[in-house]
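Thanks, everyone. One chain today, and I'll keep it quick. Have a look at the model first.

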Amino acid sequence: MLKISKSEIDEISGYAQKEYMNLEQELNNLKSEVKVLIDSKEVLEYDLKTKKMQLKLASDSSLGFSEEDIKRVYSQVDNLKIELAIKREQEQYLIRRQGELEAKIRSVYITMQKADKMLAHVEAALGYLNGDLQNMVMQIEDMQQRKLMGLRIIKAQEEERQRVAREIH
């Protein structure tokens, strides 16, 4: 029964280790994705800043920009704002996901440690039981040998008694 439990605990430990490794890989991939997203967001922020300066220049009537140029730059600014808002939203989602993965990793790590600890306890219990069983077997064999010795002594005494009884008669 304990051997089956040991096997099941070992299996749980193996699954936990596999899950831990998968989550670590997923977290590393997510961190890379966040880095790429942050870099692209920074580029968008720079582009937006540049386009806003262009819009400011185009709005200045003394520089001679046409109404169409102003609308085009304004449209580009709006598109960049929308892209930037989407990137920020994606960044927030990925950061939340990263926190969730880190929490899962901690939980799986704790499960892994507990399974390993339980496995060690079961192995120790099996060792004690096996040692006790071997000890009991040795004691039983010793008692059987003593019993045989006692029977031989009784038989020898009986033979001696019969010999003495024959000599007396």
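Start at Leu 101. Setting aside neighbours within four places in sequence, Leu 101 is in contact (heavy atoms within 4.5 Å) with Leu 23, Glu 26, Leu 27 and Leu 30. A caution: this is a predicted model, where local features need pLDDT of at least 70, side-chain atom pairs count only at pLDDT 80 or more, and totals for chains, interfaces and linings use all residues. Numbering runs from 1 along each chain as its sequence is written, and side-chain values use heavy atoms, without hydrogens and water.

Now the cores. A nonpolar core is a set of buried Ala, Val, Leu, Ile, Met, Phe, Trp, Tyr and Cys residues joined through side-chain atoms within 4.5 Å. Buried means under 20% relative accessible area, exposed over 50%, partly exposed in between, with a 1.4 Å probe and protein chains only. The largest core has 11 residues, among them Leu 23, Leu 27, Leu 30, Leu 101 and Ile 105. Helix 1 (2–59) and helix 2 each give two or more residues to this core. Helix 1 supplies the largest share, 6 residues. A second, separate core has 7 residues, including Leu 48, Leu 55, Val 73 and Leu 84.

Overall, the chain has 2 helices and 0 strands. Helices (H or I, at least four residues) and strands (E, at least two) are DSSP runs, numbered from the N terminus. The C-alpha trace spans about 155 × 15 × 15 Å along its principal axes. Buried residues are 17% of the 169.

Last, Leu 148. It lies in helix 2 (residues 67–168). Leu 148 counts as partly exposed because its relative accessibility is 46%.
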